[in-house]
Amino acid sequence: MRTLFGLLSLLLLSLPIPAMAGEPPMKVILLGTAGPEYFPDRLGPATLIVAGGQVLLFDCGRGVGQRLYESRVNPRDISRIFLTHLHGDHFDGLPELWMTPWFLLGRDHGFDLWGPEGSAEMVAGMRAMYSHDLTRRVNPFNPVQGLDIRVHKVAAGTVFEHDGVKVTAFPVEHAEGNPAFGYAVEWQGRKVVLSGDTTYSEALVTAARDADLLVQNVIAFSDRLDGKPEMQGVLAKLTTPEQAARMAQLARPKLMVFSHIVTKDLTEPEAADRIVARTRAAGYAGALVIGEDRMTFELGDTVTMAPPPSLETLVPLDSKDQRFP
Ligand SMILES: [Zn+2]
């Protein structure tokens, strides 16, 4: 009996675990796909991953609260946040996401926040900046516990594991943005990998091997900017289409989507066309998507993509009793 059970356990452990019947698939929403630039239709970098009923937010770029709302995710429901690094464009949206759902939407819990060395100091600075609200907006309806932030310093390896969802951090290479991390998120045999901000990285190739979805930063300028000496620094700290092609050729994700798209003076659709053309010319023939804000991916046996939902039926979200339909 023991032997049979043992053999069965071994067999089960060695097989990829399929998503349980009836359970929603792992979902990824690109909340913001820009870099620091002001674009008409892209906001700052932020990616939401939903797996097994758990909601994990990666980076908090400008407008993240607005994009959550527009994606029909109540900003009040965010409690776990992972920062890739401490460049401000990756947490510009954090103060608003911290404050507004607390006093407006009745959030009664704070955040667990994972980030690199320096994150605790950043959070302390944010608390100082909001000291007026922290002392005068607290009342029986807005308890101060709703503003707690527990900071967890990220190092390479597993940083989060709960009810089958595992988040692994790996160091990447982002010049003066270091320490910088990418993240792999796994659940029931599915894997999403976020490059974070990085140039070509062996660690990223290793982490992204056979991932279902690779969310990859990309930088591509016009010919005019490409040759400017002052642009060489920024070009060297992010991933060019050619580097992305090389990494994806090695890692072979089911789908690569570009997000945190840094194009400076290039505008759409020329920017997207050039990025795709350069990636293809560099030899990557796998599935490739140019990310858009609020685009959603579902990870089943195949990766399916849904366009951003219409904003027409979106109602104001202005009180704690409201629910999205
Ligand atoms: Zn950065």
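The buried residues of helix H4 are packed against helix H3 (94-103), strand S5 (111-115) and strand S6 (149-153); helices (H or I, at least four residues) and strands (E, at least two) are DSSP runs, numbered from the N terminus, and contact means heavy atoms within 4.5 Å. The model is a predicted one, in which local features need pLDDT of at least 70 and side-chain atom pairs count only at pLDDT 80 or more, while totals for chains, interfaces and linings use all residues. Residues are numbered from 1 along each chain as its sequence is written, and side-chain values use heavy atoms, with hydrogens and water left out.

H4 spans residues 119-129, and its buried residues are Ser119, Met122, Val123 and Met126 (buried, under 20% relative accessible area; exposed, over 50%; partly exposed, in between; 1.4 Å probe, protein chains only). These residues lie on the same side of H4 because they cover an arc of only 95° around the axis, the arc being that of the directions from the helix axis to the C-beta atoms. Glu121 and Ala128, on the other side of H4, are exposed.

The zinc ion has four donor atoms, provided by His85 (NE2), His87 (ND1), His174 (NE2) and Asp197 (OD) at 2.2 to 2.3 Å. Donors are N, O and S atoms within 2.8 Å of the metal (3.2 Å for Na, K and Ca); water is not among the atoms, so sites may look incomplete. The angles among the donor atoms run from 88 to 176°, and the site is irregular. Irregular denotes anything other than tetrahedral (four donors, all angles between 85 and 135 degrees), square planar (four) or octahedral (six), the latter two requiring opposite donors over 155 degrees apart and all others between 65 and 115. The donor residues follow the spacing H-x1-H-x86-H-x22-D in sequence. Distant parts of the chain are linked by His85, in the loop between strand S4 (80-82) and H3, and Asp197, in the loop between strand S10 (190-194) and helix H6 (202-208), 112 residues apart. His85 is buried, with a relative accessible area of 0%, and Asp197 is buried at 3%.

A search of the whole structure gives one cavity of 30 Å³ or more. On a 1 Å grid over the protein atoms alone, a cavity is a set of points where a 1.4 Å probe fits but cannot get out, and a pocket is an open set with protein on both sides within 12 Å along at least five of seven lines; lining residues have an atom within 4 Å of a point. Grid points are joined across faces, edges and corners, and a volume is the space filled by probe spheres set on the points. The largest cavity has a volume of about 160 Å³. Of its 17 lining residues, Thr47, Asp59, Gly196, Val215 and His260 are the closest to the centre. The largest share of this lining, three residues, is given by S11. The largest pocket has a volume of about 210 Å³, and its lining includes Lys27, Leu48, Arg72 and Thr296.

Cis peptide bonds join Asn178 to Pro179 and Glu268 to Pro269, with omega about 0° in the former and about 0° in the latter. Asp163, which is not a glycine, has a positive phi of about 45° and is exposed at 64% relative accessibility. Arg294 also has a positive phi, near 75°, but is buried at 9%.
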